[in-house]
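Here's a friendly walk through one protein model, in questions and answers. Have a look at it before reading on.

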Amino acid sequence: SIKKITLFADLQYRTVNFSYKPNDGYNLNVKPITWNFINPKAGLTYKFNDNYSSYVSVGQMHKEPTRNDMFAGFDDIDTSNVSIIGDFTKVKPEQVIDYELGFRSSYNRFDLSINAFYMKFKNEIAAIGQLSYIGLPLRKNVNSSQRYGIELDYNLRLTKQLTLSGNGTYMKANIDSYTSDFDSIVHNNITPLLTPEWIFNQSISYGLFCNKINITASTRYISTQFLGNDNDKNLTIPEAFTFNGAISILATKRISLSLLCNNITDKKIFNGGYSMLGTSYYYVGAPRNYYLTLNYKF
């Protein structure tokens, strides 16, 4: 630390090895692969006073392909597919450089955190919006892509009983160039699938009887998401706005009881999906549902 400035740096080294032995009857020799990654990170924090501070950082990270990425959706390597997936170097590791700039404050009854980010990817292992024959999501490398946006988190204690809190993210994601596996059409500057621009969570809580009973109402909003990397507006997950509620009771110092109701309005929502041959398929979220929890501290 130098007066109001605190510097930090971190250096990580990772080595990852993957080897696979096909069934003996195939008589195949599949070479293993080893990845070596160096991941540095550095930044500084400037403390204006006890209530306000700001920071900036930059870091690099790598991520190796998963088994499903290297196997392109196949469950095994055999004589029929070894020419396609037998070379593990075909799927490159993902690299991202992350730049962040943020501000934090904590004053009286109000806490606020704002974070701006820019993530530059090389060889991002991106979903292509289709499933393998055994139902696993398929992914492949895209040469260049970016994600940037801003995150906000706050907590406001209006009174000793009433608290307002929430968080939100605005993010723009972009793939510079994407070639469709289905028709080999090249799409430039497209939004990756399943990357909503807006996500908001908002809650309000009220405590009764010295906060032994707490009532909470919350909302969640997720904007529209594409189901394919061609940005076809007919193949999307619609925006979702849901309401939830909860009540918790502190019976004793050791015993508490809580009741949670999700999706109070019983709205049809989708937690994910994919597209095949111009048709949308969805993972449907739960309708109105309840959780009753009893906690006992020993």
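Q: Is W198 buried, partly exposed or exposed?
A: This is a predicted model, where local features need pLDDT of at least 70, side-chain atom pairs count only at pLDDT 80 or more, and totals for chains, interfaces and linings use all residues. Residues are numbered from 1 along each chain as its sequence is written, and side-chain values use heavy atoms, leaving out hydrogens and water. Buried means under 20% relative accessible area, exposed over 50%, and partly exposed in between (1.4 Å probe, protein chains only). W198 has a relative accessible area of 35%, so W198 is partly exposed.

Q: How are the rings of Y170 and W198 arranged: stacked, edge-to-face or tilted?
A: Rings of Phe, Tyr and Trp (its six-membered ring) pair if their centres lie within 6.5 Å; planes under 30 degrees apart count as stacked, over 60 as edge-to-face and the rest as tilted. The whole structure has 18 aromatic pairs. For Y170 and W198, the ring centres are 4.5 Å apart and the planes sit at 45 degrees, so this pair is tilted.

Q: Is N289 buried or exposed?
A: Leaving aside neighbours within four places in sequence, N289 is in contact (heavy atoms within 4.5 Å) with L260, C261 and N262. Its relative accessible area is 18%, so N289 is buried.

Q: Which residues form one aromatic cluster?
A: Y170 and W198 make a tilted pair. As for the cluster, its members are F18, Y20, F71 and F88.
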